[in-house]
Amino acid sequence: MPFLIAILGVLGAAAIWWYRMKAMNEAAREVADVVGRVQGNIRRKKLRKQAALSPLTAIDDPVVAAATLITAIVSEQGPILPRREAALREVVSEIAENQKKTDEAVVYAKWAAAQIDDTTIVIDKLAPFLRERLDPHERDDLLRMLNRVAKGGEQSLRIADQRMLRLRQKLGFEVN
């Protein structure tokens, strides 16, 4: 009888350990699933950010960059209506070589601005590009162009101080 109790005890202990190992295995699998989901979310977020930047990374012309920057800032407060687009075309035509270049810059600017939700990304990406390619006088002209487009159109827009401050900083102006 004591031998039978010992065998039942060993079998009981083995059953308990088998159950615990099975539970640990399930817990490890759940942790691995959570880690996999987190890594997937991080990868997807990185891809979304790269996709958001792709219209901006394709820009290699200062005229297109300026038009895109102005369009993104102005369209932050609503769609670009015909009179504001006319003001945009007018300021871009002053820096473009010809009418075809103006049309190309405005069309690309409207498309790129529509693709990117965050104006801060546009400023962070394009302002340093423009800072490298424009002299201080041309950068100042860019700010005046932005103000002209904001004032043109159906109703005058007021560009947020934080946007102008960030843009001035990224363009290399001294900001107090």
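Visitor: What is T71 in contact with, leaving aside its neighbours within four places in sequence?
Guide: T71 is in contact with I80, L88, A109, K110 and A113, where contact means heavy atoms within 4.5 Å. Please keep in mind that this is a predicted model, where local features need pLDDT of at least 70, side-chain atom pairs count only at pLDDT 80 or more, and totals for chains, interfaces and linings use all residues. Residues are numbered from 1 along each chain as its sequence is written, and side-chain values use heavy atoms, with hydrogens and water left out.

Visitor: Why does T71 count as buried?
Guide: Buried means under 20% relative accessible area, exposed over 50%, and partly exposed in between, with a 1.4 Å probe and protein chains only. T71 has 1% relative accessibility, so it counts as buried.

Visitor: What makes α2 mostly covered?
Guide: Twelve of the 14 residues of α2 are buried; among them are V63, L69, T71 and V74. T71 is found in this helix, which covers residues 62-75. Helices are DSSP runs of H or I with at least four residues, while strands are runs of E with at least two, numbered from the N terminus.

Visitor: Where is the kink in α5?
Guide: A kink of about 25° lies at L126, shortly before the proline P128. The bend at a residue is the angle between axes fitted to the seven residues ending there and the seven starting there. Both L126 and P128 are among the buried residues of α5.

Visitor: How many helices and strands are there in the chain?
Guide: There are seven helices and zero strands.

Visitor: Why is the chain called more spread out than a compact globule?
Guide: The radius of gyration is taken over C-alpha atoms, and the globule rule is 2.2 Å times the number of residues to the power 0.38. For 176 residues the rule gives 16 Å, but the chain has 30 Å, well over that, so it is more spread out than a compact globule. Its C-alpha atoms fill a box of roughly 105 × 35 × 30 Å, taken along the principal axes.
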